[in-house]
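The structure is shown first.

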Amino acid sequence: MKNQNFCQIYLKFKIPHKILNAKPENVTRESEIVAQAGERYAVTIATNMAGRGTDIILGGNPIFKMKQELLELLIERKKDEKNKNLIDLIIEEYNSKKKLKEHIQNLPYSLDICKNSLKTLYDTLYKTIYTNWQIENSLVKELGGLFVLGTERHETRRIDNQLRGRSGRQGDPGISQFFVSLEDELIKVFGGDSIRKWVEYLIQDKEVPLESGLLTKSLENAQKKVELYNYDLRKNVFQYDDILNSQRKQLFKARTELLSKNLYEELFLRYSESSFDEKILREKKNHYLNAKLEKNFDNYVTYSFLEQKIQKGTKNFYKEIWVSNDLRIANSNFYQLGFLKSTRGIVLLSIIDFYWTEHIERMGYIRETINWRSYGQQNPLVEYNIEAFKSFKLMFEQIRSCMLYYFFNNPINY
């Protein structure tokens with residue numbers, strides 16, 4: 001919006017200027033437009049991010065001027081009676097306009113591979129352009145160098161300093177001046193009402209600019225707060241990623257072991273034991289053991305043996321699991337052996353990947369909402385760590401349950 005207002009002013013007073021916006025023709029010429037911002041009386045309107053890496057030389061950039069002159073002579077066929085024969089020779093030697101244009105755009109780096117005729121024309125034109133640039137460079141320095149006008153302060157001082165650094169390049173003279181409006185976002189967010197009242201109290205004429213050390217200090221303090229806030233965000237993002245990365249390493253380690261070792265029988269027995277242990281303890285705690293044990297486990301072990309397990313310990317109970325597992329294998333259809341062995345790895349890895357994806361989605365939802373807990377005097381990072389552990393534990397419980405279901409329905413799998 002501010003750029004549009006400036007353009008209207010320049011058009012009204014007929015001030016020549018260049019504006020760098022998102023139009024395709026300007027994007028392709030971004031470096032060229034910014035490079036020539038150091039010409040005498042040149043006015044360039046651009047964002048602070050425009051032309052990063054482009055050197056603004058006082059009096060204009062002679063290399064860019066050289067390229068533009070060659071493009072006009074060789075590509076656009078601008079008339080030049082003095083160098084007509086040399087230009088005709090270059091066009092004749094370069095049958096392809098595309099290749100010639102590439103060499104021109106890559107100058108002076110392409111001098112080693114281009115035709116001798118193009119080198120000769122380059123040297124001839126460069127002497128004149130460089131001589132003119134030396135004169136312009138001296139004139140611009142006498143006028144004060146590059147003047148950088150900032151229409152607002154950025155939320156971080158680093159960006160402002162980068163923009164200031166455009167002037168005073170390598171000892172060249174230059175000036176930078178920033179203007180701030182009471183309507184700017186930085187002022188609105190950090191003490192906009194109090195600063196507005198203070199300004200209205202001190203200044204009667206609203207058209208007169210205010211220069212105040214107190215106002216400048218207030219802006220710098222606001223920028224420091226934003227920088228500190230952004231730093232905390234970046235630090236927390238790294239710590240959040242570190243928590244998820246440690247979980248990822250654990251899962252990938254288990255996944256690698258499953259692929260490289262024959263763990264299928266061990267997984268079935270281990271998961272069966274742990275699952276039955278948890279279920280028995282849960283049922284005992286809820287005082288429903290006698291009512292539910294027979295219904296839940298009658299298909300795999302006898303109810304009397306479960307009572308024996310509860311009374312005499314876990315040793316005999318685990319033996320019953322192993323024996324019942326061997327009996328199920330003995331009564332199974334061995335014709336399915338080859339098929340089950342060929343598919344078991346794919347099925348188990350699919351189970352792991354499915355629940356890992358669900359875990360990642362849950363962690364994304366948690367990450368988006370965890371900062372709200374700071375309003376309840378809770379540390380978001382600590383809360384995120386707790387929720388991450390709960391979600392990770394739930395993921396492994398789901399993987400175990402799904403694998404047990406697969407093992408029970410496909411007993412010949414190891």
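1. Leaving aside neighbours within four places in sequence, Asn 83 is in contact with Leu 121, Thr 124 and Leu 125, where contact means heavy atoms within 4.5 Å. Asn 83 belongs to the loop between helix H4 (62-75) and helix H5 (84-93); helices (H or I, at least four residues) are DSSP runs, numbered from the N terminus. The residue is buried, with a relative accessible area of 11%. Here buried stands for under 20% relative accessible area, exposed for over 50%, and partly exposed for values in between (1.4 Å probe, protein chains only).

2. On the basis of the values: this is a predicted model, in which local features need pLDDT of at least 70 and side-chain atom pairs count only at pLDDT 80 or more, while totals for chains, interfaces and linings use all residues. Residues are numbered from 1 along each chain as its sequence is written, and side-chain values use heavy atoms, with hydrogens and water left out.

3. How many aromatic pairs does a search of the whole structure find? The search returns six. Rings of Phe, Tyr and Trp (its six-membered ring) pair if their centres lie within 6.5 Å; planes under 30 degrees apart count as stacked, over 60 as edge-to-face and the rest as tilted.

4. One of these pairs is formed by Tyr 122 and Tyr 126, which are stacked at 5.7 Å centre to centre with 10° between the planes. Because the two residues are four apart in helix H7 (residues 116-143), about one helical turn separates Tyr 122 from Tyr 126. Tyr 122 is buried, at 7% relative accessible area, whereas Tyr 126 is partly exposed, at 23%.

5. The ring of Tyr 126 also pairs with that of Tyr 130: the centres are 5.8 Å apart and the planes are at 25°, so this pair is stacked. Both residues lie in helix H7, again four residues apart, about one turn of the helix. Tyr 130 is partly exposed, with a relative accessible area of 33%. Ring pairs link Tyr 122, Tyr 126, Tyr 130 and Trp 133 into a cluster.

6. A charge is placed over a ring as well: Lys 67 lies over the face of Phe 64, at 5.2 Å from the ring centre. The criterion is NZ of Lys or CZ of Arg within 6 Å of the ring centre and within 35 degrees of the ring normal.

7. Taking a disulfide as a pair of cysteine sulfur atoms within 2.5 Å, the count is zero.
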